[in-house]
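Hi everyone, thanks for coming.

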Amino acid sequence: MIYVVGIGPGCYEQMTINAINALENSDVIVGYHVYIDLIKERFADKEFYQTPMMGEVDRCKKAIEIAKTGKTVSVISSGDSGVYGMATLVYELAEADIEIEVVAGVTAALSGGAVLGAPIAHDFSLISLSDLLTPYQLIKKRIDAVSSADMCIVIYNPSSKKRSAYLSECVDIIIKNQGEDIVCGVVRNIGRENTEYKLMTLKELKDYPVDMFCTVFIGNSQTKIINNKMITTRGYKIV
């Protein structure tokens, strides 16, 4: 049996009950070492198998190998296991006779959105700026498409040492379609110690320093700042 578990932003209190139950019912927990470190203390009686960045295939193969011995295994992802997580890879690699259950988690668009207020209360798109698995030209094409449709955008993996210019370049595309006064927000360390957020305009976002611990929220034409929170209105008539 393999559970593919989304552990949310990382703290125990923001995990779903189903996620906690799956981990408690597992013999072995498999994951990226950073995510293992977030939960290891709470599940100290479990066996752990961890790999560094880029070890996703090895992780899933190991989980399948362990499951074949009759043990119950949890493969963990931060956020939700089906949103930029490990669920698809487990399904791709596993044989038909292995039972798999995907356990939903809370992705950063939701947990970070709660910090900001209600930034994605209407149609929105999730886009990762990581080009490890998606060509950058395709990423920019998607940014252009959703911003031209006046959709809110949540950006994962906004910057790294090799991709320091990507967010600025994508902001230029959005400004072309939306103008530079669109309300934006950046949340750092969602659900962990020192969670913080900053509200700004799209113009200000262009040069705002972000890293892999940040999630970026870009509003649409109906997004406002209300009581220092980022709110995308849904169009209700308020009398």
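Let's start with a pair: helices α6 and α7 are roughly parallel to each other, because angles under 35 degrees count as roughly parallel. Their packing angle is about 30°, and the axes lie 9 Å apart; axes here are lines fitted to C-alpha atoms over the stretch in contact, with angles running from 0 to 180 degrees between N-to-C directions.

A word on the source: this is a predicted model, where local features need pLDDT of at least 70 and side-chain atom pairs count only at pLDDT 80 or more, while totals for chains, interfaces and linings use all residues. Residues are numbered from 1 along each chain as its sequence is written, and side-chain values use heavy atoms, leaving out hydrogens and water.

Now α6 itself. Helices are DSSP runs of H or I, at least four residues, and strands are runs of E, at least two, numbered from the N terminus. Helix α6 covers residues 136–148 and reaches 18 Å from its first C-alpha to its last.

Which residues of α6 are buried? They are Tyr136, Ile139, Ile143, Val146 and Ser147, where buried means under 20% relative accessible area and exposed over 50%, with a 1.4 Å probe and protein chains only.

Finally, after α6 comes Asp150, with a positive phi near 60°.

Terms used. The expected span of a helix is 1.5 Å times one less than its number of residues. Angles under 35 degrees count as roughly parallel, over 145 as roughly antiparallel, 65 to 115 as roughly perpendicular and the rest as oblique.
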